[in-house]
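These are my notebook entries on a single model, kept in the order in which I looked things up.

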Amino acid sequence: MFDSLSDRLSGVFDKLRGRGALSETEVRAAMREVRVALLEADVALPVAREFVEEVTERAVGEEVVRSVTPGQMVVKIVNDALVELLGSTNAELDLNTSPPAVVMMVGLQGSGKTTTTAKLAKRLKEKDRKKVMMASLDVARPAAQEQLAVLGRQAGVDTLPIVAGQSPTDIAKRALESARLQGYDVLMLDTAGRLHVDQQLMDEMNAIAAASKPAETLLVVDSLTGQDAVNVAKGFGAEVELSGVILTRMDGDARGGAALSMRKVTGKPIKFAGTGEGLDAIEPFHPDRVAGRILG
Ligand code: GDP
């Protein structure tokens, strides 16, 4: 992840670092190279353009050109701008509501939604000491509810007993009632996916949200799909009230475009990153650490 972007940027900055003086022309030329590197990493064009404009404006200032270590100052400016682009601070889950706090997981098929539901449930149970229940509302895919039950057993997290023939909203209501009666702190709802964002899916998501009043509605997207991931987030965000995004497959060789464009294009924070297939492979998304990794 980010490897080729990181290489490209260190190539640009190595040339600047250690220089006693930098002209405005040199700074502008370096920034053009940064722009190319971002576009090659699949960052959305308007995001790359605006990022480079802002950074250039800050970097051609008197302070930088007159500094004794101008190259280092430019790198610092790029780093700070990257942190801002990625969302500034770690966006925590807000589960401060009367229990059970509902966490609704949405996303396309194959994004990693069911696995991520189990990962997050395990984390909330083990790290935050919450009593967590999971329920699958995916009645479209025959094995989906059973898949969540299997993951629940692996993760040591309870799942709502499966009752055949119920609609997604009926399952959501039953899950809520059951979680309330049994004193669960958190109820995680794994919803159905589709191959594409479609109106029927969006209507189903809104019906579930109306029935369960989620404290968090998290969209799971595959970081390997680059700009498509951002478009999926835009599509969901236009129809469903999202509170954040989880990027999966950050352990893969995604070029970084999804992570870098997501916040700016959708206005939603990236809250977690999936980093592998195992049920512990999930991490809070820290913009400063990610920026640090990009800049090496
Ligand atoms: P869903 O259709 O969205 O519910 O997707 P699944 O949860 O069934 O995941 C599809 C596949 O992606 C499974 O094989 C998961 O193990 C895998 N997967 C999910 N998240 C990650 C991740 O962060 N990294 C990697 N490498 N694989 C993941």
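**Entry 1: the largest pocket**

I looked up the volume of the largest pocket and noted about 270 Å³ of space. The structure I am reading is a predicted model. I then listed the lining of this pocket, which comprises 15 residues. Nearest its centre I recorded Glu 92, Leu 93, Leu 124, Asp 128 and Phe 272.

Which elements give two or more residues to this lining? I found helix 6, spanning 113-126, and strand 7, spanning 270-274. Helix 6 gives the most, with 3 residues.

**Entry 2: confidence**

I checked the scores of the prediction before going further. The mean pLDDT of the protein is 94, and 100% of its residues reach 70 or more. For the model I also noted an ipTM of 0.99 and a pTM of 0.95.

**Entry 3: the cavities**

How many cavities of 30 Å³ or more are there? I counted 2 by the rule applied here.

The largest cavity holds about 60 Å³ of space. Its lining, as I recorded it, consists of Met 134, Ala 135, Ser 136, Gln 145, Leu 148, Ala 149, Thr 159, Leu 160, Pro 161, Ile 162, Ile 171 and Arg 174. Strand 2 (132-136), helix 7 (144-155) and helix 8 (168-181) are the elements that each give two or more residues to it. I classed this lining as 8 nonpolar, 3 polar and 1 charged.

For the second largest cavity I noted about 30 Å³ of space. I listed Leu 86, Gly 87, Thr 89, Ala 91, Arg 263, Pro 269, Ile 270, Phe 285 and Pro 287 as its lining. These residues divide into 6 nonpolar, 2 polar and 1 charged.

**Entry 4: helix 3 against helix 11**

I next examined one helix pair. Two packed helices are described by the angle between their axes and the distance between the axes. The axes of helix 3 (residues 45-59) and helix 11 (residues 257-266) come within 10 Å, and I read a crossing angle of roughly 90 degrees. Angles of 65 to 115 degrees count as roughly perpendicular, so helix 3 is roughly perpendicular to helix 11.

Which residues make the contact? From helix 3 I noted Val 47, Glu 50 and Glu 54; from helix 11, Leu 260, Ser 261, Lys 264 and Val 265. By class, I recorded 3 nonpolar, 1 polar and 3 charged residues in this contact.

**Entry 5: backbone details**

Pro 99 and Pro 100 are joined by a cis peptide bond, for which I noted an omega of about 0 degrees. I placed Pro 100 in the loop between helix 5 (70-86) and strand 1 (101-107).

Where does Asp 42 lie? I located Asp 42 in the loop between helix 2 (24-40) and helix 3. Its phi is near 75 degrees, a positive value in a residue other than glycine.

Lys 213 is found in the loop between helix 9 (199-212) and strand 5 (216-222).

Note on methods. Residues numbered from 1 in each chain as written. Predicted model: local features only at pLDDT ≥ 70, side-chain atom pairs only at ≥ 80, totals over all residues. Heavy atoms only, no water. 1 Å grid on protein atoms, 1.4 Å probe; cavity = no way out; pocket = protein on both sides within 12 Å on 5 of 7 lines; lining within 4 Å. Points joined across faces, edges and corners; volume = space filled by probe spheres on them. Helix = DSSP H or I, 4+ residues; strand = E, 2+ residues; numbered from the N terminus. Nonpolar A, V, L, I, M, F, W, Y, C, P; charged D, E, K, R; others polar. Axes fitted to C-alpha atoms, helices over the stretch in contact; angles between N-to-C directions. Parallel < 35°, antiparallel > 145°, perpendicular 65-115°, else oblique. Contact = heavy atoms within 4.5 Å. pLDDT = per-residue confidence, 0-100.
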